[in-house]
Amino acid sequence: MPLPDDEHTGARIAHHRKRAGLTQRGLSQKIPYSYSLLTQVESGHKSASPDLVAAVAKALCIDVTALTGQPYVTELQQDRLAALVRPIREALDLYDLGADPAITPRPTPQLIAAAQTLCQRVRATKLHDAALDLPGTMAEITTAAYRTPSSELWAALSSTYRTAHDLAVKLGYYDLSTVALDRMDWAASRASDPLLSAVRQYMRALVYFREGEYTIGQRLVASGQGLLEQSPQTRARHAVAGQLHLGASIIAARAHDEDAVKNHLTEARSYANRTGEATDVHWLSFGPTNVTVHAVSAHVEMRHYGEALQEAAKVRIPKDWAVSRAAHFYVDQARAQMEAGRSEAALKSIVTARKLAPQQTRYHAGARETIRGLIHLSRRTPDSLDHLAAWVGL
């Protein structure tokens, strides 16, 4: 039965397709997906996968968010987050004005600790708390860095810009995330830290990955690997290098390059064997667990759902792992379970993701599409699924 409303991703695809003057068959000839699948997605009988959305956005020359409906303003307002975005945007815009005479910064060690706390809050998915404190901390560290420049302060400032990027992505403000990454590069260059610059290239690559620009994403990953040549052979360097390979594996999966996926995962696993669980390195959660989790994601992207579930069965989440990363894994697992016809298991995975990271899951496009898909697979919607659908605004 079709969706009762016209605000699902498939309906938005149909709207923008018609604006572009294309028939369903005409659009299907421009993307690597069948006419049959496109018609089912537009009618709401099948959920729109992230790779299909990216392909359509690229073919129609529009932003992915035009199709996903992000940011989800109503839900953001309910969670009192929408009003916190503007101060972050303003703080990012004041980066080049020098020291603020009205600010008396705390000592450097306290500012570094404040920047680390913001990273920790985002990974614990305490998005409201992080968004509330970020603009003030950013302004304070900016003033301190201009008055008494040091590599430590510029690195801390770069960290706050990364937090701004992470928040913007999780809340669906992708234009703001791009600005934050530009600021991150500006501060990282002043910190003279090639690892920070490499992490920034990794995050840029994921931006292009979401937009379906896989070649650019691959080039950015290669650029990040090149930056690492400027740093000594340390555990931190190995962790960043391994994370770059993990990013490359997902980009290759979206591009359906299975050989590249295997090669990147093999390289990443080699680094993980050397680093162990490196959750302390630039908040990357790199290590053996993350390699397996990325193998799950890669198989989901390639629509190898059986293989994805085989890899998922191997995952054992470490106690000190970032909640945000664990929740993302459960969303990926739910998608694979749904596509494999295991609706009850998929619902349990989504519920687990929600318990771990309610705000992140609420604004996760993949979670919303999976919930929508489960609704259509269920002849009788379980109460818990009905509640989830209302919770995310479907």
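Biologist: How many cavities of 30 Å³ or more does the structure hold?

Modeller: This is a predicted model, where local features need pLDDT of at least 70, side-chain atom pairs count only at pLDDT 80 or more, and totals for chains, interfaces and linings use all residues. Residues are numbered from 1 along each chain as its sequence is written, and side-chain values use heavy atoms, with hydrogens and water left out. On a 1 Å grid over the protein atoms alone, a cavity is a set of points where a 1.4 Å probe fits but cannot get out. Counted that way, the cavities of 30 Å³ or more number 3.

Biologist: What volume has the largest cavity?

Modeller: Grid points are joined across faces, edges and corners, and the volume is the space filled by probe spheres set on the points. For the largest cavity this gives about 60 Å³.

Biologist: Which helices each supply at least two residues of the lining of the largest cavity?

Modeller: Lining residues have an atom within 4 Å of a point, and among them here are Arg335, Met338, Glu369 and Thr370. Helices are DSSP runs (H or I, at least four residues), numbered from the N terminus. The two suppliers are helix 18 (323-339) and helix 21 (365-377).

Biologist: How are helix 17 and helix 18 oriented to each other?

Modeller: Axes are lines fitted to C-alpha atoms over the stretch in contact, with angles from 0 to 180 degrees between N-to-C directions. Helix 17 (residues 305-312) and helix 18 pack at about 135 degrees, their axes 9 Å apart. Angles under 35 degrees count as roughly parallel, over 145 as roughly antiparallel, 65 to 115 as roughly perpendicular and the rest as oblique. Helix 17 and helix 18 are therefore oblique.

Biologist: How are helix 15 and helix 16 oriented to each other?

Modeller: The axes of helix 15 (residues 258-275) and helix 16 (residues 288-301) come within 9 Å and cross at roughly 165 degrees. These two helices are therefore roughly antiparallel.

How values were computed
On a 1 Å grid over the protein atoms alone, a cavity is a set of points where a 1.4 Å probe fits but cannot get out, and a pocket is an open set with protein on both sides within 12 Å along at least five of seven lines; lining residues have an atom within 4 Å of a point.
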